[in-house]
Amino acid sequence: RCLPALRRWCVIACKRLSGTSLAVEGRVLRAVLYVYHSRLLRHRPYLALRQVEQCLKRLWKMNLVGCIETLAELIPKKNTSQGHEECLVPSQPILETVALKVLGGCKLILRLLDCCCKAFLLSVKHLCSEEFILLNTVASGLLSRLWFVIQYRCVLHSLVSLYGMLSTSLHLVSETQQMPYIRGFTFPSDICNFLGVSVSSEMKKQKARMLTTKKPTSWMKKFFPTMPEAVSEVGKKRNSATCRSAVKNCSIPCPTDIGEPIL
């Protein structure tokens, strides 16, 4: 009875881990770091971005998706009839290997979310001090997108649920035929005890920290002044002639070089 549920969670975890949005955010992050590599080697938000990139790189090098896909292929798609007393199940070494990788992946994703939160707060802090405005604007937007992609695609929750099914299957298989592969390590029955934190409460804390941080509005008003007679209400039709005249009359000051720190 555990096999269909285990296969279903394997498919869900693979889809959420191999989503295009997560890969796109990773490529954008590497491109931003490549552009600013020679200029900001000792800048704190840049170093925090490097930690985020390191976590993403380790997550891809784990080959977690390939390992889960291999397990899903070993599970029979069709359920066996009730008259059969035997059925094919993945062996204990395969289940232990996948369970160990899922535990490491959960730890790594928690570390990735924590690094995203810290780098975001640093970027906003330096943005409020009007330092490296272009980099910190791009970094804060990128980090918030990456954090929310992981949260709202439920990547971590799918891995936690997958480990629950793995733990149940591993217990049943080891009772039937013991073939221990990983020695010196006891697989936890509850993954929250292994992670040391509750996943949902930790995500809520990080979200509260990111949403209640100080917003840099002073320099935005300086570079992007409000247009006269501009209609800000959503749903109202804007008069094109009024908008064009407002743009012409709006005087935008010439900003300084935003690549240099403003003392």
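N63 is partly exposed, with a relative accessible area of 47%. On this scale, buried means under 20% relative accessible area, exposed means over 50%, and partly exposed lies in between, with a 1.4 Å probe and protein chains only. N63 sits in the loop between α3 and α4. Its phi is positive, at about 55°, although N63 is not a glycine. Most residues other than glycine have a negative phi.

This is a predicted model, in which local features need pLDDT of at least 70, side-chain atom pairs count only at pLDDT 80 or more, and totals for chains, interfaces and linings use all residues. Residues are numbered from 1 along each chain as its sequence is written, and side-chain values use heavy atoms, with hydrogens and water left out.

Now the overall plan. The protein has 11 helices and zero strands. Helices (H or I, at least four residues) and strands (E, at least two) are DSSP runs, numbered from the N terminus. Of the 263 residues, 39% count as buried. Contact means heavy atoms within 4.5 Å. Among the contacts with a separation of 6 or more, 85% join residues 24 or more positions apart.

The buried residues of α3 are P45, Y46, A48, L49, V52, E53, C55, L56 and L59.

Helix α4 (residues 64-74) packs against helix α5 (residues 92-128) at an angle of about 145°, and their axes are 10 Å apart. Axes are lines fitted to C-alpha atoms, for helices over the stretch in contact, and angles run from 0 to 180 degrees between N-to-C directions. The contact is made by L64, C67, I68, L71 and L74 of α4, with I94, L95, V98, K101, V102 and G105 of α5. By class, this contact holds nine nonpolar residues, one polar and one charged. Here Ala, Val, Leu, Ile, Met, Phe, Trp, Tyr, Cys and Pro count as nonpolar, Asp, Glu, Lys and Arg as charged, and the others, Gly among them, as polar.

Follow α5 to S123. S123 is buried, with a relative accessible area of 0%. A polar atom of its side chain lies 2.9 Å from the backbone oxygen of A119. Leaving aside neighbours within four places in sequence, S123 is in contact with P45, N136, A139, S140 and L143. P45 is also one of the buried residues of α3.

S174 is buried, with a relative accessible area of 17%. The side chain of S174 reaches the backbone oxygen of H171 at 2.9 Å.

Finish at W9, in helix α1 (residues 2-17). W9 is partly exposed, with a relative accessible area of 21%. Residues up to four places away in sequence aside, W9 touches S158, S161, L162 and M165. The C-alpha atoms of W9 and G164 are separated by 9.8 Å, while the two residues are 155 residues apart along the chain.

Note on methods:
A polar contact is a pair of N or O atoms within 3.5 Å; within protein, one must be able to donate a hydrogen and the other to accept it, and residues adjacent in sequence count only if both atoms are side-chain atoms.
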